[in-house]
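Here are my notes from going through this one with the model open.

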Amino acid sequence: MTIADDIEMLKRQEEALRFDAMSDEDAWKLGSLMRSRAVEKGLPLVIDIRVAGRPLFYTALPVSAPDNPEWVRRKINVVMRYHKCSYRVGRELAASGSSLDEDRGVLPIDMAPHGGCFPIHIKGTGIVGTVTVSGIPQRDDHGFVVECLCDYLGVDPAPLALGPEG
């Protein structure tokens, strides 16, 4: 897939993976599903779900790195600033040959335009929070979140899958 193909697919994912609501219980159920799947696959992930900046689910699985929570924080900052999944922001930056820096009014230490953070978009309301993972390569981080969101929301993942990176 080209970067342009990725960006179009990421937009489709963002349109398809929207919630009717997100309660504390919903976040716990989604987080638990994600944790179980990560354990089954032996993935060393940190998983974070929050709404309005309030952490509703958090886990750090065995072999996750002490730096993963910092990557989670930086990815969340990207999603909440740009209202796009963190991987899409990164792919758009790559396509334009630019970066997140002081010219855009941000400090790179506070932003990580890398895969793994997806907006919680409530239909009729907008983006209210994030679902974030960190611990494996960024395209895989992103894919894991999308796979879990598809399962949780009852959306067929096949038409939303990113192909191999081009």
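Predicted model: local features only at pLDDT ≥ 70, side-chain atom pairs only at ≥ 80, totals over all residues.

1. Ground rules. Residues are numbered from 1 along each chain as its sequence is written, and side-chain values use heavy atoms, with hydrogens and water left out.

2. The main core. The largest nonpolar core has 33 residues, and Met34 and Leu45 have the most contacts inside it. A nonpolar core here is a set of buried Ala, Val, Leu, Ile, Met, Phe, Trp, Tyr and Cys residues joined through side-chain atoms within 4.5 Å; buried is under 20% relative accessible area, exposed over 50%, and partly exposed in between, with a 1.4 Å probe and protein chains only. Two or more residues each come from H1, H2, S1, strand S2 (54–60), S3, S4 and H5, with H5 giving the most, six residues. Helices (H or I, at least four residues) and strands (E, at least two) are DSSP runs, numbered from the N terminus.

3. Around Met34. Leaving aside neighbours within four places in sequence, Met34 is in contact (heavy atoms within 4.5 Å) with Ile47, Ile49, Val131, Val133, Phe144, Val145 and Cys148.

4. Helix H3. Residues 68–82 make up this 15-residue helix, and it reaches 21 Å from first C-alpha to last, close to the 21 Å expected at 1.5 Å a residue; the expected span is 1.5 Å times one less than the number of residues. Its buried residues are Asn68, Val72, Arg74, Lys75, Ile76, Val78 and Val79, and their cover includes strand S1 (46–51), helix H4 (86–96), strand S3 (117–122), strand S4 (126–134) and H5. After H3 comes His83, with a positive phi near 55°.

5. A charge over a ring. The charged end of Arg74 sits over the ring of Trp71, 4.8 Å from its centre. The rule asks for NZ of Lys or CZ of Arg within 6 Å of the ring centre and within 35 degrees of the ring normal.

6. Ser86. This H4 residue is buried at 0% relative accessible area. Beyond four places in sequence, its contacts include Lys75, Val78 and Val79, as well as Ala112 and Cys117.

7. S1 and S2 pair in the antiparallel sense over six bridges; pairing needs at least two DSSP bridges. Val46 stands opposite Ala60 in S2, and Ala52 takes a positive phi near 55° in this hairpin, which has two residues between the strands.

8. Aromatic pairs. Rings of Phe, Tyr and Trp (its six-membered ring) pair if their centres lie within 6.5 Å; planes under 30 degrees apart are stacked, over 60 edge-to-face, and the rest tilted. The count comes to two aromatic pairs. Phe19 and Tyr152 have ring centres 6.3 Å apart and planes at 45°, so the pair is tilted. Phe19 lies in the loop between helix H1 (3–16) and helix H2 (24–41), and Tyr152 in helix H5 (residues 138–153), so the pair ties together parts 133 residues apart in sequence. Phe19 is buried at 1% relative accessibility, whereas Tyr152 is partly exposed at 26%.
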